[in-house]
Structures are given as C-alpha cells and as structure tokens.
Amino acid sequence: MHYTELEKTISARQPKLHISLRPSLLSVLTLLLGLGTAQLAAASTIHAVGVENQYANVISQIGGKYVQVSAIESNPNTDPHTFEASPAVAREIAAAQLVVRNGVGYDSWAKKILAADPNPKRQVIVVQNLLHLPDSTRNPHLWYKPETMPAVVKAVAASLSTLDPAHKAYFDANVQKFDASLQPWYAAIASFKAQYPNTPVAVTEPVADYMLQAAGCDLKTPWNLQADIMNGTDPAPQDVSIQNQLFKTHQVKVFLYNQQVTDSLTASFLHNAKAAHIPVVGVYETMPTGYTYQSWMLAEVKALRAALEHGQSTTVLK
Amino acid sequence: MWAFLSSQPVQTALIVGTCAALVSALIGVFTVLRGNAFAGHALADVSSAGGAASFLLGISPLLGFLGMAWIAAFGMEFLGVRKARERDLATGVVLGAGLGLSALFLYLDVTTTSTTGATVSVMFGSLFAISRGLIWPAILAVLAVFALVGGFYRPLILTAVDPDLATLRGVSPRWMGLLQLLVLGLAVAVCALAIGAVLATALLIGPAGAAIRLSRRPLQAIVWAMLMALAAVWMGIWMAYESYYWFSGNAWPVSFFVVALIFLFYLLAMLGSAQQRKFRYRAATALPGIQES
C-alpha cells in the first residue's frame with residue numbers, strides 16, 4: 001500500500017519520470033521484502049546439514065552439485081555423545097533447508113535447536129524414525145546397521161525433490177548409484193559371516209555392534225560395561241573382570257576399540273588385549289577424514305577380516 | 001568373598017580407598033579442631049579444576065588435584081584474614097572462582113579430548129576405574145603426610161587448639177599454618193582421586209567430626225576417625241560390589257555408599273555423645289560430690 005501511494009504521488013507530480021522510476025522502485029521493494037529469499041533464488045543450491053558427518057557425506061552424494069552440505073560433528077578426537085552446541089551451530093542448523101540427524105538421544109541438542117526455531121518449510125529427517133525404532137533403543141550407532149543408509153538416501157532424495165522438483169531425476173539416479181556402491185560392503189559382511197561364523201569378539205563401546213551382529217559375531221563384552229563406557233559412568237568390577245578374563249583366557253578373537261572414547265579403563269583393556277596377543281581393530285563414531293561412508297564401512301570389515309586372517313591389528317584407519 | 005578380593009578393580013579400590021581414609025582421618029581432626037571445615041571443603045571443590053585440567057595436560061590426575069589444591073590453599077592463606085567472618089568470605093570467593101575454572105576445563109575435556117567420563121570421575125569419583133599406576137603415587141602422598149604430621153605433631157596440635165598459647169610457647173603460627181595447608185592439600189588430592197572432588201569433603205570432615213564428639217583427646221580422636229573412615233570405605237566398596245547382584249547388573253556408585261556410611265556414622269556418634277552427656281548429667285545430679293567434667 002505504502003509503495004503504491006508513494007508511486008502515485010511521484011507519478012502525479014512528475015509524469016515524465018514514471019517509466020524510469022518504476023524499475024528502481026521494484027528493486028527497492030524486493031530488497032525490502034527480504035534479502036534472504038533474493039539470495040537463495042540467485043544461488044539456487046539447497047543448504048543442508050548432516051548433524052553427524054557420515055549423514056552429511058551421504059546427503060552430498062545424493063544432492064551433488066545442487067546441494068551445499070555442512071557437517072556439525074566431525075572431529076575424530078572427541079566423543080560425539082558429549083557434543084555441546086554453540087550459537088553459530090544453532091544458527092547454521094536453523095537456517096538449513098534440510099537437516100538429517102540420528103536420533104535415539106545421540107543428538108538431542110539438535111532436536112532442541114530445531115524445536116526452538118520452527119520452520120514448516122524445513123525438511124527434517126530423523127534416522128531413528130525412518131527405521132521405526134523406539135526411544136528405548138539401547139544402541140544409538142545406527143549408521144553401522146547395513147539397512148540404515150539405503151533408507152536414509154531414499155528419504156534424502158524425496159526431501160531434495162520437494163525442495164527442488166526440477167532435479168528429481170538427478171537425485172533418484174544418485175540413489176541408484178549409492179545403493180550399488182554399498183554392494184562391496186554387503187558382500188564383505190556376507191563372506192566374513194560365511195567364513196568366520198560366530199566369531200567371539202570384545203568391544204569397549206557398542207559403536208560397531210550392529211555391523212558385528214550382521215557379520216555373525218558373538219559379542220562377549222557384557223552390555224552394562226559397554227553402556228557404562230559409552231555414558232561415562234562407573235563400571236561394575238564384575239564386568240571389568242569378565243572383560244579382562246576374555247583377553248587372558250583367549251576367549252575372543254578380536255578386540256574392537258573405540259578411538260573416540262578413551263580413558264584409563266579402556267587403555268587398560270587395550271593393554272591387556274595386546275599382552276594376550278589379541279588383534280585390535282579401531283572403530284569410529286564419526287567418519288574419519290579421507291573416507292566416504294561406503295569406503296569407511298568397507299575398511300572396518302576389511303580390518304576385522306585382517307585381524308582373523310593374519311592376526312593383524314588396525315588401531316587407526318588411514 | 002574370594003571373587004571380591006581377587007578382582008583387580010576391587011584391589012585397586014581397596015588400596016586407594018585405604019590411603020584416602022587414613023590420610024583424611026588424620027588431617028580431618030586437625031582441620032575440624034582448627035575450625036577450618038569450610039576451608040577444607042572449598043579446597044576439595046577447587047581441586048576439581050586441577051583434576052579436570054589433568055586430562056587436558058595429559059598428566060596424572062593426582063598431580064592435577066594436588067597442584068590446584070595447593071594453589072587454592074596458598075591463595076586462601078594470602079587473601080585470608082584473622083577474623084572468622086572475613087575468612088569465610090575469602091574462602092567462598094576462591095571456591096567460586098575455582099569451580100568456574102573447573103567448569104571451563106571440563107567443557108574443554110569433553111569437547112577437545114575423548115574423555116567422556118571426565119565430569120563424573122573428577123566430581124564424584126570412579127574408585128573402580130582408577131588406573132593401577134596411581135597406587136604408588138597415592139601411597140607416597142600418604143607417607144609424606146604421616147611423616148610431616150608425625151614430625152610436627154605437638155606444635156600442629158597446639159596451633160590447632162589454641163593459636164595464642166602456641167605463639168606464647170614460641171611456635172610460629174605462620175609456619176604451622178603453611179604446614180597445615182601443605183598436608184591438607186595432599187590429603188584433599190588423595191580423597192578427590194578416590195571419591196571425587198565434590199565428595200572429598202565427606203571423607204575429610206565426616207569421620208573427624210564424628211570422632212571429636214566421641215573423644216576429646218586428639219590422638220584418640222584420630223584413631224576413632226581412622227576406624228570410622230576405614231569402615232566406611234571398605235564397607236562402601238563391598239556394598240557397591242554387591243549391589244551388582246541387587247540391581248541385576250546395574251551396580252550403584254561406590255562414592256554414594258561411602259558417603260552414606262559416613263553420614264550414618266556421624267549420626268550414631270552424635271546420638272552416642274548425647275547419651276554420654278545425659279549419663280554424666282544424671283551421675284552429677286544423683287551424686288552431689290561428683291562434678292561434670
């Protein structure tokens with residue numbers, strides 16, 4: 001209203017200027033209506049956030065050149081469970097058009113940020129809900145489950161197609177490509193399971209438990225000890241004794257050690273495993289640098305295999 | 001019982017717990033006699049900043065606790081004033097600043113290093129998760145405390161009970177105060193390692209406070225305090241171990257049991273001393289010849 005009135009007065013007073021003034025007024029209007037919309041329309045890439053860097057990696061594989069992805073949790077030297085969000089992170093998540101987060105209490109801070117700044121246009125994918133898992137799910141490390149990422153990429157492609165319908169075919173083709181690229185990992189898991197059935201293993205935390213179960217491993221470490229190490233609470237001496245006994249009496253063939261949560265207790269387990277000549281395989285909560293999701297998962301299975309075939313330790317993925 | 005004693009975490013817990021009990025009982029009696037309970041508590045809380053920093057620096061947590069306890073002790077002595085009210089104020093200010101530092105260091109621990117359990121183990125202790133490498137440093141700290149207190153027992157007691165009389169007898173209150181802080185720092189570090197910086201106070205002043213109600217003689221009070229502290233620590237470790245079977249594998253923390261037992265002992269000692277006084281009073285009123293002592 002205000003601008004049309006202004007326009008009228010101007011045009012009434014100076015009819016000659018009418019034509020030349022109109023475009024500039026329009027641009028002022030657009031500017032005033034919102035800088036953000038104007039910028040996004042110009043850039044036309046979708047801004048997406050993967051709360052854990054493995055999800056960010058998968059989004060960028062599906063979205064390709066039409067998506068600009070950032071990851072929040074990607075430091076391989078810290079424990080993602082204890083992440084604390086800064087205001088900059090909160091702004092980044094609130095501004096994103098697509099957010100993929102894990103759920104199962106792993107990134108509840110991100111849930112709070114999203115709830116604090118509701119936006120009906122924002123697409124949010126919670127992996128826990130995709131897999132229909134209840135909140136009481138004990139192990140939050142869902143990305144080690146072989147069936148997780150195919151479901152995630154499907155949901156990501158659907159969300160991207162909603163945001164950018166013109167490139168739906170491109171996103172769908174990338175889903176096909178992604179699913180195909182997971183096959184070597186599936187094959188490695190299947191051949192491990194066939195060749196080394198019921199392999200007894202010990203772990204510190206339940207990080208890779210889903211993958212170990214898929215590979216037919218027998219998890220010997222008591223669940224309470226895994227949960228205590230994951231949550232940073234006091235372990236029961238009985239559980240610690242059971243774990244040490246597993247190494248001492250060679251009841252396990254491999255020890256999977258979480259590189260992102262270490263303390264004097266996990267260090268003592270590492271020491272005992274090495275003393276008993278039990279090969280150690282390092283596992284990660286977030287994707288280590290230099291890997292894609294697929295190559296990372298494949299590397300973990302290969303390391304597990306090398307441990308059984310040659311008794312070789314792979315403490316750090318390079 | 002054999003399974004209990006042969007468990008490696010239990011052995012470490014028993015050794016470090018015993019160190020903490022002995023040293024806290026000894027130093028606790030001096031601290032309570034001197035009316036320094038609040039300072040002792042503050043020192044323990046502030047030492048948490050050192051424990052938190054030890055994860056960042058990659059040094060032994062015992063050194064971290066000790067370093068910060070000493071810095072805080074000398075800080076309080078430096079700010080400290082003669083009047084009790086002003087002393088409490090200075091202590092409170094140092095306490096606040098120290099806890100602020102530990103909030104920062106714990107934040108840095110969990111965000112820059114992979115030490116998830118840092119907050120719980122620094123603040124509330126993880127007696128069953130202590131590394132075996134800390135056994136000897138803890139024993140050395142206890143021996144140092146016993147040697148220092150043994151060597152200066154009389155002047156320390158005199159300064160604690162009656163500083164003016166001690167000065168008259170030629171004891172330097174400044175040197176004795178410094179010595180007291182030195183050993184208090186050592187005791188706090190061992191206690192914080194065992195049951196956490198926040199709960200260390202319980203071990204430091206609980207058994208000593210109870211013992212002083214039971215006996216007026218310092219040496220006797222020290223023995224009482226040691227017995228109660230040892231009982232609380234040993235029984236606490238045993239109960240935490242057994243709680244694994246009570247709650248289907250979800251054992252409760254040792255620190256809780258130790259602190260709960262100390263509180264129970266304190267209540268019993270209070271009841272006991274009240275009873276004692278009543279008897280004495282009755283005896284005094286029944287037999288006019290006997291005076292209450």
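1. B:His41 sits in helix α3 (residues 37-57) of chain B; helices here are DSSP runs of H or I with at least four residues, strands are runs of E with at least two, and both are numbered from the N terminus. B:His41 is buried, since 20 other C-beta atoms lie within 10 Å. The cut-offs are 20 or more other C-beta atoms within 10 Å for buried, 12 or fewer for exposed, and partly exposed in between, with C-beta atoms placed from the backbone. B:His41 and B:Leu99 are 58 residues apart in sequence, and their C-alpha atoms are 12 Å apart in space.

2. On provenance and numbering: this is a predicted model, in which local features need pLDDT of at least 70 and side-chain atom pairs count only at pLDDT 80 or more, while totals for chains, interfaces and linings use all residues. Residues are numbered from 1 along each chain as its sequence is written, and chains are lettered from A and ligands numbered from 1 in the order in which they are written.

3. Between the two chains, 25 residues of chain B are in contact with 24 residues of chain A, where contact means that C-beta atoms placed from the backbone lie within 7 Å. On the chain B side, the elements giving two or more residues are α2 (8-33), α5 (84-112) and α12 (218-246). The largest share, four residues, comes from α5(B). By type, this side of chain B has twelve nonpolar residues, 13 polar and no charged. In this count Ala, Val, Leu, Ile, Met, Phe, Trp, Tyr, Cys and Pro are nonpolar, Asp, Glu, Lys and Arg are charged, and the others, Gly among them, are polar.

4. The largest nonpolar core has 177 residues, and B:Val188, B:Val190 and B:Cys191 have the most contacts inside it. Such a core is a set of buried Ala, Val, Leu, Ile, Met, Phe, Trp, Tyr and Cys residues joined through C-beta atoms within 7 Å. Domain 2 (44-181) and domain 3 (194-310) of chain A both give residues to this core, so it lies between them; the domain bounds come from an automatic or database domain assignment. Not counting residues up to four places away in sequence, B:Val190 touches B:Cys19, B:Ala20, B:Val23, B:Ala138, B:Ala141 and B:Val142.

5. Chain A has 15 helices and eight strands. Of its 318 residues, 40% count as buried. Among contacts in chain A between residues at least 6 apart in sequence, 64% join residues at least 24 apart.

6. Helix α10 (residues 183-195) of chain A has 13 residues and should span 18 Å at 1.5 Å a residue, which agrees with the 18 Å between its end C-alpha atoms. The expected span is 1.5 Å times one less than the number of residues. Its buried residues are A:Trp185, A:Ile189 and A:Phe192. Seen down the axis of α10(A), these fall within an arc of 65°, so they line one face of the helix; the arc is that of the directions from the helix axis to the C-beta atoms. An α-helix has 3.6 residues a turn, so residues three or four places apart point the same way. A:Gln183, A:Ala187, A:Ala194 and A:Gln195 are exposed on the other side of α10(A). The buried residues of α10(A) pack against α11 (209-214) and α15 (293-310) of chain A.

7. Helix α14 (residues 264-275) of chain A has twelve residues and reaches 16 Å from first C-alpha to last, close to the 16 Å expected. A:Leu265, A:Thr266, A:Phe269 and A:Ala273 are its buried residues. They cover an arc of only 95° around the axis, which puts them on the same side of α14(A). On the other side of α14(A), A:His271 and A:Ala275 are exposed. The packing partners of the buried residues of α14(A) are α12 (223-231), α13 (237-248), β7 (254-258) and β8 (280-283) of chain A.

8. Some backbone angles deserve a look. Most residues other than glycine have a negative phi. A:His277, which follows α14(A), has a positive phi near 60°. A:His132, in the loop between α7 (127-130) and α8 (148-163) of chain A, has phi near 55° and counts as exposed, with 7 C-beta neighbours inside 10 Å. A:Asn198, in the loop between α10 and β5 (200-203) of chain A, has a positive phi of about 50°; A:Asn198 is exposed, with 8 other C-beta atoms within 10 Å.

9. A:Trp143 also lies in the loop between α7 and α8 of chain A, but counts as buried, with 23 C-beta neighbours inside 10 Å. Leaving aside neighbours within four places in sequence, A:Trp143 is in contact with A:Gln54, A:Thr148 and A:Met149. The C-alpha atoms of A:Trp143 and A:Tyr210, 67 residues apart along the chain, are separated by 8.5 Å.
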